[in-house]
Amino acid sequence: MADLLLELGVEEIPAFAVAGIRDQLRELLLARLAQDHVAHGGIECAATNRRLMVHVLQVPERTPSKEETILGPAKRIALDERGLPTVALKKFCEFQGVKLTDVVEIETPKGSYLGITKVGGGRDAAELLAAAIPAVLAALTFPKTMVWNESRVPFIRPLKNILVLFGNKPLDVSFAGVRSGNRSPGHLLLSDAFFEVNSFKDYFEGLGRNFIILHEEERKAKILAEIHEVEEELECRIPCDGEMLDYYVFSTEYPVVFSGSFDAKYLALPTEIITAFMTHEKKLLPVYDGAGKLTPHFVGVANIPDENRKVSSGNEKVVQAAFEDAQFFWDQDRKEDFFALKALLKNVMFQKELGTYYEKVERLAALVDFVINETHQDALRSQLHKAAFHCKNDLLTKMVREFPSLQGIMGGLYLHAAGEDPLVWKSIYGHYKPRSLAEEKLEDLGAGILSIADRMDSIAGFVSKGIKISSSKDPYGIRRDANAIIKIIIDFRLPLDLAPLIRLAALNFAKNDADLQQNCKTIRELLASRLENYLKDHMKHRYDVVNAVMAQDTMAIHDKYLKAQAVARLVESGMAEPLSALHKRLKNICSGSERCNFSEGELKEKEEKILSDVFKESKPRIDGLILRKDFAQASSEILEMRPIIDAFFEKIHVMDKNAALRRNRIALLQRLDELLSAVADFSLLVETKPGGKT
Amino acid sequence: MSVQNVILKLQEFWAERGCIIASGYDIEVGAGTMSPDTFFRVLGRKPWQVAYWQPSRRPDDGRYGQNPNRVQKHNQFQVILKPVPGDGQLLFLDSLIYLGVDIRIHDIRFDDDNWASPSLGAWGVGWQVMCDGLEIAQFTYFQQAGGIELNPNALEITYGIERLAGFLDGKSSLYDLDWGNRVSYAQLKLEEERQFSIYNFELADIDMLRGLFQQYQKEAEKLLDRSLYLPAYDYVLKCSHAFNILDARKAISVAERTALMGIMRNLAARIAQKYVQQTEGEDHG
C-alpha cells in the first residue's frame, strides 16, 4: 500500500474557476483509477489559485490478478479434417504471441472453440498512475484556455510545476512541456520560488513553513474568524458570504484580513453606489453599524500579513479615489435630463442581430402591457409604461458605463433623486432582480412585471438566434432569466399563463411561421425545465410528484406550483395511493381510445347510471375547487367517488361487444380521467407512501 | 520616486535582461501594444525582446485636468518577451523590487483580466497586477495578433507609469507627482489635458475626421497592394485615432461602430498576413 500525491503548480487561476477544476480533477482521476482497476482507500483534493492537490490514499502496489480466457476460432475452423491447425489458428497464435501447444479446447454454449487462458491484471500501480496522470490532465476542460509554450497544450493559465509522489518515491510524469520534479512552489511573495519535496512529510511541513494554507476550509475559517475580530473591535457587522467569500478563499494562499477607513463625507452617496464600488470594483467589504447603516470603514483580504499597515493604507487611497470618481459620476449624471437619454439608446446595441436597446424598450412596453392585462393590474399601467420605456436609459449614464453592475439600480436612483413617482423609479430600480433563486422576494410588483417582460424578450431573442445552452455553457444567462421569471410569478402568485406571452415575445424575432412555432416550443421547454428544477431543487418536491404536475402541458406556472404542494400533501396524508391506483386504472382503459362522445341515453346498467349521476352532480363543485386552486380538496372529492367507481369496475364490462355501449362507457371514464388530470397525473406517482427521497 | 526615474529604472532593468530599449512610436496610439514593435514582432517565429516607454492616447478618458486619476494621455512602459520566459512572473516581481517595492509587505496580486483589441484582431490571457488594491500593470500571454495565432507566444508586460510613480511616491493625485528634478506632473501636463479635453469632447470636426478615416483607409489599402505593410500599418493607426476622437465626440452610431471596427480589423489582418508571408523564410535570431 502506498499513497499518491499529485500537485500541480499553476500561475494564478481565476478565483471563480478554481473549485470547478479541483472537482473535475477528482472525478477524472477516480474514473481513470476505476478503469485501470487501481483500488484505493479514498481521495482528498484541495486547491488554491496557484496549486491543485490530489491525495489518493492506500493504493495497492499491484492491481489484482485474474485469469482470463481468450477465445480463438471455432474448433471446426481451427482444425482441418485431419485435425491439423489451419491458417486461422496459426494467425490467432501469432497475434496472441503464444505457441500452438498453449492452445486448449474451450466449451461454450455456442460449441467448441480453441483458445488460450492467461493471467491478466497484476499490473504495477506506479506504471498505471504515471500513464493515468497526463491523460487526466489532458481531459480537463476550462472556461477559457491559452497556450504559452512549445507544447501548445491549452490550459487555463501556464502550468509551472508537477510534483508526483507515490509512496514517497517520485513518479516521472510529463505534461504540457513540464516534467515532474521533487519541488513545490512557495508563496509568491513570502517564500522562495520553490521548496524541495522528497516525502509526504516534506510536502505538508513545507506548505506550513512557506505560508501556504492548502485546504480551503482552513482559509475560509481564518478569514471568517479575523472578520469576526474586526466586528468585535469596531462593534459592527460585516456580512461576508457567497461570491465575495469564495473570491477571497480562492484568490489567496495565506489570507489575512485587513481593515481601513475613508472620509465620512462619501457616505452621502447612495448606499448602493458605495457598496457596488467596494465589492465589485475593489473586492472590499462594507461595514455596517448595529442599526444596519454604512460606516466609513471597509474590510479586505490580503494574501500577506499587514503588520506595517501598508496594505490597508494603500487600499484606503484606492477607495478614496474610487469614491471621488463615484461622486463625479453621480453629480454629472444628475445634471442630465434622464428621460432624454432614451433617444440615444438608438446608439446602444442590445445584442448583435437583435437590434438596439431603443428597439428593446419599445418591445418591452408591449410585453408589459400584456402582462398587466393578464394579471389584472390596470392600476399600474401608466407608470409601468413609463418605466418600460426608460428602464435602459441608465446604460448611457457615466456611472453605469463605468460600473455595469449598477444597471437598473442607477436608473431608479437618478429618477428618485429627480422626484419621480415611486412606482416608476422602483420598477426600474429592481428590474434586473432577482439574480438567483436564493434571493428574497422582490419588493415591488412593478419591478417584477418589468423583469418578466425584459427577460422574456431576451430569451426570445437569444432562442431566435439559435443560441443553445448546456449544463456548462450559458454565456447569455438564459437559464438565469428563465429562473427569475419562474421565481417572480411564484413569489407574487401571478395568475399568468406564459404560453401567450412566449408567443408574443417570439413574434418579434420570428422569420416565418415555422420558425415561430419552433422558437415557441423551445422557449416553453426551457421554462418548463426551469420550473421542474425549481420544484425539485428549490422546493424539494419528490421527482415523481413533480412529474405528476408537469404532465399537463400548460404554462400556468403558479398553478403548477400549487398543484405540486397539493400532491405532496396528498402523499403525506396517505391519499395518494388510492388516487394513483384509480388514475392508473382509468388510464389503462382510456389510453388507446380516441375521445368518445358521452350520452346519458346510452347508459344501460345500474352501476354506470349511478356513476354518471354522481359525476354529473360532483363535477361543477370540483371544477369550482380547481378554479379556486384548491387542488387538494378537488382531489379528495374525486376520491369520494371511489366506492361508486369500484362498483362500476366490479359489475360493468367496459369492453362490451356492443360498440355503442363500449364507447359510451369509455367516454364516461375519460371524463373522470380528465377531471383528475386537471389536478395532476397521479398515475405517475411511483412511491405513494409518505417520505421517499427527492 | 519621480516619473522619469520610474522610466529610467525600468529601462535599466529590462536592458540588463536582454531587451533592446526602443522609442515609443511617433504616431498616436491607444496603448503600447499598437506600436509596430509589438504588433509585428509578436508575429512569426523570430525571438524578440523589447522594452519602450509609450505615451498612449485615449480621448474618451480626458477629464479636463480635473480628475486626479484619469487623463486622455497617459504613459505606459511596454515589455515584450518572445518566446515566453519560464519565470516571467518572477522577472516582473524582480522589476518591482528594483524599483524599490518591498514585496513582502505589499499585497501584490495577479487578478484575472483578459485583454482584447478587436480592431487589431489581437487578444491575450492574463491578469491585471494589483498592488495594495491599485492596478499597476497588465501581465498578458499574447495569443493572437492580426487574427493570426501566435507561435511562439509572447509575454506582454505593460506598466502604468503614473500609477507606479504614484504608488512609490504615496501621492493620490497624479498632478502632484514629481516628473523629475522638481518639475511637477501638473506643470508639464495640466494644460495639455485641459486643451485636449476641450478639443476631443467639444471641438473636433466630426465631418473632417470621418473624411480622414476614409482617406487613411484608402491610403492603407493602396500601400497594402504594394506590399508596403509598414506604412500601411501607420495609416491603420491613424484610422484608429480618428475613430477614438469620433467616439469621444459620441458621433459613432451602432451600425457605424461595427462597420469601422470591421474595416480596421480587416486591414490589420491583411497587414499581419503580408508581414508573415514576407518574413517567414528568414532564420531565427
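Start with the contacts of chain A: of those between residues at least 6 apart in sequence, 67% join residues at least 24 apart (two residues are in contact if their C-beta atoms, placed from the backbone, lie within 7 Å). This is a predicted model, where local features need pLDDT of at least 70 and side-chain atom pairs count only at pLDDT 80 or more, while totals for chains, interfaces and linings use all residues. For your selections, residues are numbered from 1 along each chain as its sequence is written, chains are lettered from A and ligands numbered from 1 in the order in which they are written.

**Stop 1: chain A as a whole**

You will find 26 helices and 15 strands; helices (H or I, at least four residues) and strands (E, at least two) are DSSP runs, numbered from the N terminus. The C-alpha atoms of chain A fill a box of roughly 105 × 90 × 50 Å along the principal axes. Its radius of gyration is 34 Å, whereas a compact globule of 694 residues would have one near 26 Å (taken over C-alpha atoms; the globule rule is 2.2 Å times the number of residues to the power 0.38). Buried residues account for 39% of the 694. A residue is buried if 20 or more other C-beta atoms lie within 10 Å of its own, exposed if 12 or fewer, and partly exposed in between, with C-beta atoms placed from the backbone.

**Stop 2: the domains**

Now colour chain A by domain: domain 1 (2-62 + 124-209), domain 2 (65-121), domain 3 (216-335), domain 4 (340-538) and domain 5 (574-684). These bounds come from an automatic or database domain assignment. Keep domain 3 and domain 5 of chain A in view; their C-alpha centres lie 65 Å apart.

**Stop 3: two helix pairs**

Select residues 357-375 and 445-464 of chain A, which are helices α11 and α16. They pack at an angle of about 125°, with their axes 9 Å apart (axes are lines fitted to C-alpha atoms, for helices over the stretch in contact, and angles run from 0 to 180 degrees between N-to-C directions). That angle makes α11(A) oblique to α16(A); angles under 35 degrees count as roughly parallel, over 145 as roughly antiparallel, 65 to 115 as roughly perpendicular and the rest as oblique. Show side chains for the contact, including Leu364(A) and Leu367(A) of α11(A) and Ile449(A) and Leu450(A) of α16(A).

Next, select 557-572 and 631-640 of chain A for α21 and α24, packed at about 50° with axes 8 Å apart. This pair is oblique too. Among the contact residues are Leu562(A) and Ala566(A) on α21(A), and Phe631(A) and Ala632(A) on α24(A).

**Stop 4: one alanine**

Centre on Ala387(A), in helix α12 (residues 381-390) of chain A. Is Ala387(A) buried or exposed? Ala387(A) is buried, because 31 other C-beta atoms lie within 10 Å. Not counting residues up to four places away in sequence, Ala387(A) touches Val424(A), Ser427(A), Ile428(A), Gly446(A) and Leu450(A). Gly446(A) is 59 residues from Ala387(A) in sequence, and 8.7 Å in space, C-alpha to C-alpha.

**Stop 5: chain B and the interface**

Bring up chain B, with its 8 helices and 10 strands. Its C-alpha trace spans about 55 × 50 × 30 Å along its principal axes, and 47% of its 285 residues count as buried.

Finally, show both chains: the contact takes 28 residues from chain B and 32 from chain A. On the chain B side, select β4 (108-112), one of the elements that give two or more residues. β4(B) gives the most to that side, with 4 residues.
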